[in-house]
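Dear colleague,

I am handing over the structure we spoke about, and I would be glad if you could look through it with the notes that follow beside you.

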Amino acid sequence: MPLRLLKYALAKDHPAPRFFKSHETPKKSYDVVIIGGGGHGLAAAYYLAKDHGITNVAVLEKGYIGGGNTGRNTTIVRSNYLTPEGVNFYDASVKIYEGLSEELDLNLFYSTRGHFTLAHTESAMRTMRWRAEVNKHVGVESRVVGPDEIAKACPQLDLSCSGQAPILGALYHAPGSVARHDGVAWGYARGADSLGAEIFQNTEVLGIDVKNGKVCGVKTNKGYIETKQVLSAVAGFTPRITEMVDLETPIVIHPLQACVTEPMKPWLDTILVSGSLHVYVSQSSRGELVMGSSLDPYEVHSTRSTLDFVEGLTSHMLDMFPFLSNVKVVRQWAGMADMTPDFAPIMGKTPIEGFYLDAGWGTWGFKATPISGKTMAQTIANDSAPDLIHSFRLSRFEDYELTGEKGAASVGH
Amino acid sequence: MKLLTCPMNGTRPLSEFIFGGEYRDAPDQKTCTDKAWAAYVHNRSGAPGDKKEWWYHSPSGTWFIAERNTLTDKVSRTYLLGTQHANSSANPVLEEGK
Amino acid sequence: MQSTDMSNIAQTSPVAHAQTGSKAKWDVVNGMKIAIEFSGSEIEKSKKKILGVTDTSCLSRYGVKGPQASQWLADRGVAIPSNPNSWTLCNQTSLVLRLGSSEFLIEDQLTGVTCNQLSKDTVRTAGVYKVPRADAAFVLSGSEVSNLLSELCSLDLREKSLLAHDVIMTQVAGVSAVLWRQMLNGEPVYRIICDGTYGPYMWDVLLEIAIELGGGAVGLACYQN
Amino acid sequence: MIFRIPKKDGEWVNRDKKISFSFEGETFSAFEGDTITSALWAAGQKVLGRSFKYHRPRGVLSLANHDVNVLVTDGIDTNIRADVVEVTDGMVLTAVNTSGGVKKDKNSYIDSISPLLPVGFYYKAFHTPRRFFPFWEKVIRKAAGLGVVNFNYPRILKRKQHAHCDVLIIGAGPTGLTAAYTASQAGLEVIIVDENSQAGGSLTYNRGGDTTTTVKHLNDLLAKVTSQPNITLKTASYAAGYYPDHLIPIVSHEGMIKVRAKTVIIASGAFEQPPVFRYNDLPGVMLGSAAQRLIYRYGVKPFNNGVVVTANDYGYRVALDLMDAGTKVVAVVDMRKGINGGRDAIDLGMRGVKIYAGHCVYEALASSDKSSVRGAVICAYDDKNSVALTQNKFTLECDGIAMSAGWAPAAALLYQAGTGMLFDSGVEQFVPSRLPAGMFAAGKVNGIYEFEQRINDGVRAANQALRYLGFGAPQNVIEKHNGLSPSHPYPMVPHEKGKNFVDFDEDIQIKDFVNAAKEGFDNIELMKRFTTVGMGPSQGKHSNMNAIRILANIRGLPVEKVGTTTSRPFFHPTPIGHLGGRGFHSHRLTSLHDWHQEHGAVFTDIGAWKRAAYYPAAGQSRDEAVQDEAMAVRKAAGIIDGSSFGKIEIHGPDAAVFLERFFTGVYHNQKVGTYRHVMLLDESGVIVDDGIASRLADDLFYISVGTSNAAAVYREMQRYQQMWQLNIGLVNVTGAFGTINIAGPAAREILSTLTDLDLSYDTFPVGHVREGQVAGVDVRLIRVAFVSDFAYEMHLPMAKVPHVWNALMAAGAKHGLRPFGSDTQRLLRLEMGHAMPGVDTDGLTNPFEVGADASIKMNKPYFIGQRSLEILAKRPLRKQLVPFVLAENFKGEMPMDCNLVIDGREILGRVTSVAYSRFIDRCIGFAYVSPAKKEVGSEFQIRTDSGSLVTARVVITPFFKN
């Protein structure tokens, strides 16, 4: 047992302090107001303080911290994207993640398992090679592997998928990892709080004041806050915030569902994704299989569950792992995803001075948490977006310069 | 699974339908600016609320319009484009109650 | 170009692929090679009572749609079902199915001739568009049919809900299909037709469940007299 | 079976059927109808399992499907719930998650080091230094998880059916049965389900010592319900969750029935909640209702000398039932002050049972081996401030403790349906306040506990459902619960040494909540995530309510202010095999499928279709086969089954107008008997698909497009027609027509033997279409030059394709005619220099980038995507698709599709198609390059899989013209 746990055994009173102070009413004004107390917003607050010394910051969370998509995703972290912009961006995120437990002194269980994106068709194999080649070019460890290598990493997998969709190969991505999603939010919250940022839970933004093209304040259920800089980091709710400043975006909301089984002794060591079967699965440190599928097919601002989701997912899970017939699904849930036409985020400045967007995260937000926090902090501090996120700018749609991630969309998450 | 009522074929589970996106009137492409057209092509009114949407009943090949609240997911009416009178309700199961 | 050509051309039921391997007896009906017997009439008669699955793709079918379609058919003495998505009997030997409001599917029963008469008429008329058919068609018979259908279709297809002359376009085992009830040789049966290219798949699915429920494949012969 | 008691009416075991099974190596006997737990308990086996975290011994808690510390495996199946799964003859069972057996679990040391494992400990350690984490991770992963999965477990396809009814009732207790009978009187179709193997709910165990009356109540109700043909009663079936529009999956051993109900009545009752005191988890400490279930369902005496600790009047009934079973009730300890328990208390007093009011069980005392209870430490208790006054504590010897502190409504489905719930302090529980349309609640879940009131509430709910469905029925009001609350507001006994458990799944004690709050996790959702309360397999059935109470107490808030965590499916964990069921994988076959099989075709999936990819001779590789087939087409003739192509007829006077709006080209002046290229864009100017449009008459166009997009293209045509309302008719003939393409220098001669049509190249050139007969079959004959300049494509009724195909094969035999597949077609079209949408384009490619400018008629008034093209035309080209060749007799590593075109650090583009062509004897392909490199003759570098650079040169098409 690690020594640092001894203090808990010896101390009569539980020796751990609060993760973050509980503030009730905000001050009259802040240099920066961050809307959304999820991983992204809290990370932005943390890096604003740490990298740029900006600490007069309020993070406003409608519910409780990490209660949105941060606490609902399936915790996969990877960088095997299709476009160089995408790969570079997510690779930077992976690199921060690798040291994040130490930096935040919180065990995020960042566990590198290796990530296989299975291909069942020739055209899928083409996409795998495309991604592998781009990854290699940028210096990320991805390669196309054959069935035998997949079998070695996951001997339990039925390579014929019950004869329905034989696996031709896969994109293998060594850095693919999972992490404790809640911990990421809590760690950044603690970090930001200790550096001076103030976190307000149960604090809902009701409006944003814009005067001649400039942000000047935020209306909340806890009063009015003066500020010249507002960051919207509310994946799943972005259109409600952008509507407050009359900003049009391509974002539409689709639910993304997931489910989890009873705990069982560990057997699945890798992360598996099948585009054709719409399945992604990994086994958590608690021993549960954490499973997800593709987006719900229509727009709805709701986290309701559907039966056809779990029926389709489990049926395909059985194609891959026939022996799971009597393993039980304990719980299903859903999050709301900001979808964009080119399956890439929308980050950076907007036509409204002082209003910054960290949005359009689709189903990829969790893996980007550290780097989005870092780059948005940079954007706010310098009022100009770093090159790393230039191709994610909102104006790309007006410029007909969409990113090329669409090609890889079939195999997401 | 959710139920949706096709004006031609009646109430069916959602699995029989394909979502066709929001019904939107295009700006006059002769007169509108490039900026306006790009906005029309890419931007959406993503905030929750009542929307007019395209839905397609696959087994019968019927396109129709559904007026749906994207927050509550309740459909107020469905009809064939051009026959605006609501000839069906959102969901008999839920609306039979007096 | 609907079968104006010599009709002595060997055609095979679109479902046949799924039946190769089974020791079915074959015959040519309406110019189409089709399975008429699988396991002997006695066994098939008993299966038929529980849950019989029969390939009736060989029945002649004729499709037409368009704003003028119903008038065009009426002019040719074809009875028109008054309501959308319903069917009616024409000359006692042909079914006229109204798919939606302006599309029609006519199926001659074994002795019917309506389709052949209509297909001789090759003049193209404004507002009348012929719909070439190549359907896989099935008869489901017996006491367990709604049990089977409850697994393949999410709609309530029990007799109290699917009325005598209803026609529904829905999904059966994930495939778009047209479904209705009718009397056949004085017995109530369910009918399913789907695109012929899905025929073998549909046969496999129907048969797998039929066998689980104590029924099985029934040859056309069981209905031929 | 030392704890088995004489038979009582209504028990569930069949004493005539003795069976035997083994548990942890020991043999046990049981009766048919016993659950694993009841059989073991009857035999005096107390340690039935080990807890998840501390590996503490555990026995019976609820006997109601949330004793998740008692999970067993039979070697095939795992995580079997012993408390509810019936034991069968010959079962060989062991407990899961032990090391060395349930009795002497080596991991039980963890219990003694539990101080080292504070709440959320795994967040606090193991991560520094980073390099040690992988080691700790292994340790922790091993410790986690419950059962071991059996990789040889067979795939079980459970039936999934749909059902429909007017009224679905969840819960067949007195309330539900009454509701069912009432609703059935209106002739409605009623389905009533209960998760227990027999109907009756509390009537099957809660008797207060009076078997005669209780059994009569039960039998009367069952008789009424079973007499109604329009009521379907399903036992051993649970409602797994609620989904929109009243879709409720009912899960049983046989499978899953998806019930679509017009109305739903939730009469699911309530879960008994444990009071919290030190060692309330010892084997022998159980809920009062669990003791009652043992007695009346299975004829098992829970223990010999029992203490009943209660915080409501229910405990007094439990005491009576225990005495009925022959248990000596040492005392009833009532945590409430004053005289309670009504008549039952008097009855007990007269029978000599000592009642300690205002007292609590301060802690249970464990036998030396911790495997059972040896006594209970009793002391005074101030239940207003929930403090134990320990100065005069004393010990009562006993071998069991029955606990009754109150209830939590089984409201999961109500929550999932969006019911508004309010906390009713009269009954100290959440009750429905705003029900969704068509949904009703009755009985305990509705805060109604007295028997007669539950009966009335069942009638009331049924009448409400009837009125909702438009029937006349009386409007009754909900009768308020009169008398003391059935639940205690705060049945917690603090103890400095802790081990007073709130969540038995996850071994969570009171102090864990206190400490979590200290660390800032003082919001119910945050607390759930940090402590993991309610996240175990029982999903908080016995722990969520106490957790809420504790948090409310910590924060000094009323319970309703704390709120509840979100309820999600599933109500009970549900097997993947039940949910997945029989997987349907639909697919389409052409009428030539048998022929392809007989001729050794290798098939490939394209959309829903199975297409012949190539026909390898024995021992032949894919590439050899493809090259042979291609050579046949170039030198003699080949024939391909193209029946999967999309085929659409557009009839009517406005047909040409429709095409000109839908596609990018011009068609109004197209001559009958010719075809033209069609390209479909989306509104942003991106290529969706392309194909050809044959004009068969002024008012008839025949479109053929690729296989994969056919359905989508037709669908879009229907949508735009709805908007445009042109005078046309759309007919999708994709499945009705088949397609045969015969290509190659000998094609014409072969075909000419089967048709009177004039096939000569000059009178019937490429770009033209004829209708006529081939082999006696009417066909549409198209001179399309996709795979060859000498090609004839026939479109004809699907069923007649084999006839024509065979005729052609016969006629072609002496010309070397052979079939070729879709893989070969890819090579042939490449040799011809045709780019393919989806292969040589991606989700963002516009026509300029593939050099399709000729197909774009910008001067038209309108076509889909036109306005976006105007914008794109003003912008610099980003990439350009070019045809390229590699060096003559190139011998290096062959580039592959999607290898990158590289210029130093820069990615210029990628290869979209590349192949060696034996006919041209050259490696040819398409690639995207920077516009600067698009000119014929310019060279660029392709990087192969292994990283070597290959030089390619831009050429013209068709490739063989170079």
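Between chain D and chain A there are 14 salt bridges, and one of them pairs D:R81 with A:E262, whose closest N and O atoms are 3.5 Å apart. Please keep in mind that this is a predicted model. Across the boundary between chain D and chain A, 51 residue pairs are in polar contact, both residues being at pLDDT 80 or more. On the side of chain D that touches chain A, the largest share comes from helix α4 (residues 133-143) of chain D, which supplies seven residues, and the residues of that side divide into 50 nonpolar, 29 polar and 26 charged.

As for the extent of this interface, 105 residues of chain D are in contact with 92 residues of chain A, and the two chains bury about 9,100 Å² between them, with 57% of that area on carbon and sulfur atoms. The residues of chain D that lose the most area to chain A are D:Y123, D:R141 and D:I576, which together account for 10% of what that side buries. Of the five pairs of chains in contact, chains A and D share the most contacts, whereas no contact joins chain A and chain C, their closest C-alpha atoms lying 12 Å apart.

The two chains are also joined through strands, since strand β18 (residues 328-339) of chain A and strand β29 (residues 574-575) of chain D run antiparallel and are connected by two bridges. In this pairing, A:K328 stands opposite D:P575 of β29(D).

Chain D also meets chain C, with 41 residues of chain C in contact with 47 residues of chain D, and the area buried between them is about 3,600 Å², of which carbon and sulfur atoms give 52%. Eight salt bridges are counted between chain C and chain D, including one between D:R582 and C:E208, where the closest N and O atoms are 2.7 Å apart. There are also 20 residue pairs in polar contact across this interface, both residues at pLDDT 80 or more. Among the elements of chain C that each supply at least two residues to the side touching chain D are β9 (129-131) and α5 (145-152), while α6(C) gives the most, with six residues. The residues of that side of chain C divide into 20 nonpolar, ten polar and eleven charged.

Finally, the structure holds 65 aromatic pairs over all chains. The rings of D:Y123 and D:F530 have their centres 5.9 Å apart and their planes at 15 degrees, so this pair counts as stacked.

With best wishes

Conventions. Residues are numbered from 1 along each chain as its sequence is written. Chains are lettered from A and ligands numbered from 1 in the order in which they are written. This is a predicted model: local features need pLDDT of at least 70, side-chain atom pairs count only at pLDDT 80 or more; totals for chains, interfaces and linings use all residues. Side-chain values use heavy atoms; hydrogens and water are left out. Contact means heavy atoms within 4.5 Å. Buried area is the accessible area (1.4 Å probe) that two parts lose on being put together, summed over both. A salt bridge is a side-chain nitrogen of Lys or Arg within 4 Å of a carboxyl oxygen of Asp or Glu. A polar contact is a pair of N or O atoms within 3.5 Å; within protein, one must be able to donate a hydrogen and the other to accept it, and residues adjacent in sequence count only if both atoms are side-chain atoms. Helices (H or I, at least four residues) and strands (E, at least two) are DSSP runs, numbered from the N terminus. Ala, Val, Leu, Ile, Met, Phe, Trp, Tyr, Cys and Pro count as nonpolar, Asp, Glu, Lys and Arg as charged, and the others, Gly among them, as polar. Rings of Phe, Tyr and Trp (its six-membered ring) pair if their centres lie within 6.5 Å; planes under 30 degrees apart count as stacked, over 60 as edge-to-face and the rest as tilted.
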